[in-house]
Amino acid sequence: MDLDPIPQTIADDPHPIYRVLREDEPVHYVEKRDLWVLSRHEDVLAAIKDPETFTSADGVVPSGFKPEKPTLIVLDPPDHTQMRRAVMRAFTPRRMAAMTDRVRGFARQLLDAFPASGEVDAFESYTDPLPIYVMAELLGVDASERPMFKRCGDAIVYSSGADPASLLSAQRELTDYLQTVFDERKRDPREDLISLLLTSSEEGRALDNEELLGLCFLLLVAGTETTTSALGNAMLLLERHRDARELLIEDPSLIPAAVEEILRFDSPVQGLSRIVRRDVEIRGQKISEGARVHLLFAAANRDPRVFDEPDRFDITRSPNNHLAFGLGIHFCLGASLARLELKVGLEELLARAPDYQLSVDRLQRLASDTNRGFSKLPTVL
Ligand code: HEM
């Protein structure tokens, strides 16, 4: 059996391979990728909690790609510590909760544009634009510039395999626009994320122009497609588990717990990687300094040592200590916002289209080494 987990991101069910890895080869070497794979919850957790040994500085994807200028997700302490502190101020649960009405407004606006009946591509009409609109709002993009932001955002986020020239021009256009926003906020600060990050306070220092640009691009890349994927995965799970959908329609207060189970059961980020800074030994297996190690969150999230009946989709599961947002110092900065978008996004979708039917034979999966989601969701209303 080919135990390379990377192509499993687009498999209908990656878990048969993940199960073999986790149960029989918990420390597995994929020769053609020169990549070690950890798949047990305990091992993945130990690695993400030890950034001194498992560094992010050489990129967190199996290919080793990293942004030109180092930004939060590829920083190690102490740089990470002070940057995270500076940025955290803008991501408090209170500030995120304050976005609830805006998120709901966007969700309703998109759902209102659905036809009364017939077919829509829920990716194009809902799961893709919703997180992009929320991100535009977070970054203080003017409503009139939202179409530009979506066009450039899509070009940047879904750039794999695309023409490099169009990626570059989208990056330039967005950089120029964000620069005008920074300049405006410097002159005339508002109550928003950019204004906050441009000023120092007791809780953290101000970001310089380059740092802020890098952060905006990171937020766009880390925060939109992941949430889009989570929403699409949720739609398929609630297509396959009609009983769960019924329960959520009857009692929407169950949605937050269901969101956690959706993230555990079909994790949008299946895995991310690190480089080991020194020789290590895991379960008797030696891994040499400089080797790349992939942390398979999605396999850890079905580890029977941590989750009872891990292959059962149980929207009332408690506790649910999944690793879909990572853990430790790089724990997802946008987790509160993502949870809010998923909760509100599902509440509104189930209220508007409780009987939606996905055309499961015509879905299209997104190509990615790390993320699992859809790029086409034909849906009958
Ligand atoms: C369901 C949606 C999402 C999932 C599954 C997800 C998953 C993750 C994971 C697994 C990490 C850990 C990275 C690592 O350990 O190397 C992470 C980090 C991060 N996420 Fe998310 N994310 C989501 C949504 C968002 C959103 C909405 C934002 C922004 C608004 C965001 C911004 C970030 C940032 C900036 C980091 C880096 C944090 C650091 O390095 O300190 N994410 N995310």
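Leaving aside its neighbours within four places in sequence, which residues is T53 in contact with? The close-ups below start there. This is a predicted model, in which local features need pLDDT of at least 70 and side-chain atom pairs count only at pLDDT 80 or more, while totals for chains, interfaces and linings use all residues. Residues are numbered from 1 along each chain as its sequence is written, and side-chain values use heavy atoms, with hydrogens and water left out.

**View 1. T53 and its contacts.** Beyond the four places on either side in sequence, T53 is in contact (heavy atoms within 4.5 Å) with I275, V276, R277, R278 and V280. T53 sits in the loop between α2 (41-48) and β3 (54-55); helices here are DSSP runs of H or I with at least four residues, strands are E runs of at least two, and both are numbered from the N terminus. With a relative accessible area of 4%, T53 is buried (buried means under 20% relative accessible area, exposed over 50%, and partly exposed in between, with a 1.4 Å probe and protein chains only).

**View 2. The shell around the ligand.** Look for 30 residues surrounding the ligand, the closest being H80, R84, R274, H330 and C332; a residue belongs here if one of its heavy atoms lies within 4 Å of the ligand. By residue type, the shell divides into 21 nonpolar, 7 polar and 2 charged.

**View 3. Polar side-chain atoms at the ligand oxygens.** The side chain of H80 places an N or O atom 2.7 Å from an oxygen atom of the ligand. R274 has a polar side-chain atom 2.7 Å from a ligand oxygen, and for H330 the distance is 2.6 Å. Two or more residues of the shell come from each of α3 (79-88), α11 (209-223), α12 (225-240), β5 (272-276) and α16 (335-352). The element that gives the most is α11, with 4 residues.

**View 4. The salt bridge between R283 and D43.** By the rule used here (a side-chain nitrogen of Lys or Arg within 4 Å of a carboxyl oxygen of Asp or Glu), the model has 34 salt bridges. In this one, the side chains of R283 and D43 meet at 2.7 Å, N to O. R283 lies in the loop between β6 (280-282) and β7 (285-287) and D43 in helix α2, so the pair ties together parts that are 240 residues apart in sequence. R283 is partly exposed at 43% relative accessible area, whereas D43 is buried at 9%.

**View 5. The salt bridge between R339 and E260.** Here the closest N and O atoms are 2.8 Å apart. The pair links distant parts of the chain, with R339 in helix α16 and E260 in helix α14 (residues 255-265), 79 residues apart. R339 is partly exposed, at 30% relative accessibility, and E260 is buried, at 16%.

**View 6. An open sheet of 5 strands.** Its order is β1-β2-β8-β5-β3, with mixed pairing; two strands pair if DSSP finds at least two bridges between them. The edge strands, β1 (27-30) and β3, each pair on one side only. Strand β1 runs antiparallel to β2 (residues 35-38), and 4 bridges join them. Across this pair, Y29 stands opposite W36 in β2.

Technical notes
A polar contact is a pair of N or O atoms within 3.5 Å; within protein, one must be able to donate a hydrogen and the other to accept it, and residues adjacent in sequence count only if both atoms are side-chain atoms. Ala, Val, Leu, Ile, Met, Phe, Trp, Tyr, Cys and Pro count as nonpolar, Asp, Glu, Lys and Arg as charged, and the others, Gly among them, as polar.
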